[in-house]
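Hi,

Here is the structure I said I'd pass on. Have a look at it first, and then read on for my notes.

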Amino acid sequence: MKNDRTILEGLDPELMEQVVSRRAAVGRSSALAGALAIASMPVAFGLLAKRAFAQGGLPQGIIDVLNFALTLEYLEEEFYVTGVGTAGLIPGADLPIFEQIRKHETAHVALLQSVLGASAVAKPTFDFTAGGAFDPFNVYGEFQALSQGFEDTGVRAYKGQAAALMSDNTVLTTALRIHSVEGRHASEVRRLRGQKGWITGNQTDVPALAAIYAGEEAANGAATSAAAAEAFDEPLTMAQVLAIADPFIV
Amino acid sequence: MNPKVSEENSELRFLGSLARTTGRRKFVQWAGLTLGVVALGCSDDNGTNPTPGDGEVNLGTGDTGVLNYAYALEQLEAAFYTEVLAGAYFAGAQADEKEILTDIRNHEVIHRDFLKAALGTSAIADLTVTFASVNMADRASVLGAAQTFEDLGVSAYNGAGQLLTDASNLLVAGKIVSVEARHAAAIRDLLVPKSSAVGSFAGDDTVDPTTGLEIPERTPTAVLTAAATYVTTTINASGLPTS
């Protein structure tokens, strides 16, 4: 039976309180939908999936990180499924990019669910308008801006959790192999928007998404310059990432 | 004997463990292996100290060895883009391509210098490299080689993560690898723009369409074998951890 908690519960208490109270007003997310997703999961992830059911299963610390990752992947997947499925939103010339990204995010969700098995958190209910602040499925520019924000967040989020996965080489390497794909996505969407593929300082052209870029200006000992900040992507903590995701989770 | 990269990982892991249990020198005599630039086994059975500039470098052991391995790759990339920027293709390239290649050159130089500083006296000597196989006057040749280096770098770092034991070193590798992935996507997009086709930013040739994972992580041996075309210096990777 699938766990119907979301990753936000049991983490940062203050953040949890906000999110849970908001969710309580709207209603619980559907455990049934999650169960259906598990039932229809591809079998290609057999080796990894077995780990979840092996003797003792995965350590709780790793389960927590993978559920955190799964929550982000749920967010990305629903965002792209909705965007790609919205007639007239994405120009034909750009559609292959977002279809490819959508394909990867769907695969990431399935992969993480397969690894987590019964420990997988339920998919939250998302509001990609963030309470009316954005209109991504009617305004293509806002769809692109949020896409960039989610991908850059994904890069920083996986990076921030790598150390917590060091006890399991298979899980760590799998996470790293997702991490670099998020980096590819971010680069492409940024360039599509006329930005550089890499993050200069903590710059963003969308002030409402500034938290995604906080701390990116670190030069890591190199003389401070645009290139030095671009040359390194910085991690975000789980709490920072959840605070970024929070406005998009009902 | 030069095993195919695709068959190499498990075989070399096995050979590596055999080497450890039988003693490297004896093992190497028995196996008679020379793998491109990768010398499995070395004249010094401890193999802990990098040897300066005598045509061979020894990456060393443990996290230091893994960081030296990364340093070797960054040396290669920095040298490549430095040469690209001095070449005829770059001189006549469009402004956006010049900006991308200049940025990447700057990033790789910063990565190289960062790792050298982090390694301090343990850093390997400067590698001797050659890009004779790349036509620096030809866009497709230059960008094709750039794509190879960036994709290789990503899979190298993805494979090196599990070899590190210190979390701060893993974080450093993580900070660099996603920028390499950004580079790889940008270079690919110059070659196959706005596409999901093979060769595009995250095409099925570099991201498995079923799992959404970057192509399998590469072992140091696989990476150094692939890089051997461009590196004249012999890189002794025998001291690197294998898991």
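Predicted model: local features only at pLDDT ≥ 70, side-chain atom pairs only at ≥ 80, totals over all residues.

Let's start with chain A. Its 250 residues are 48% buried. If you take the contacts in chain A between residues at least 6 apart in sequence, 74% of them join residues at least 24 apart.

Next, where chain A meets chain B. Chain A puts 49 residues into the contact and chain B puts in 41. On the chain A side, helix 5 (95-116), helix 6 (140-161), helix 7 (169-192) and helix 8 (226-230) each give at least two residues. Helix 7 of chain A has the largest share of that side, with 17 residues. Sorted by class, the side of chain A that touches chain B holds 23 nonpolar, 14 polar and 12 charged residues.

Now the core. The largest nonpolar core counts 130 residues, and Ala70(B) and Leu76(B) have the most contacts inside it. Helix 3 of chain B (residues 62-85) brings the largest share of this core, 13 residues. Beyond its neighbours within four places in sequence, Leu76(B) touches Leu127(B), Val129(B), Ala227(B), Tyr230(B) and Val231(B).

Ala227(B) also turns up among the buried residues of helix 8 of chain B, along with Pro220(B) and Leu224(B), for example. That helix (residues 220-227) is largely enclosed by the rest of the structure, because 7 of its 8 residues are buried.

Cheers

Key
Residues numbered from 1 in each chain as written. Chains lettered and ligands numbered in written order. Buried ≥ 20, exposed ≤ 12 C-beta atoms within 10 Å, placed from the backbone. Contact = placed C-beta atoms within 7 Å. Helix = DSSP H or I, 4+ residues; strand = E, 2+ residues; numbered from the N terminus. Core = buried A, V, L, I, M, F, W, Y, C linked by C-beta atoms within 7 Å. Nonpolar A, V, L, I, M, F, W, Y, C, P; charged D, E, K, R; others polar.
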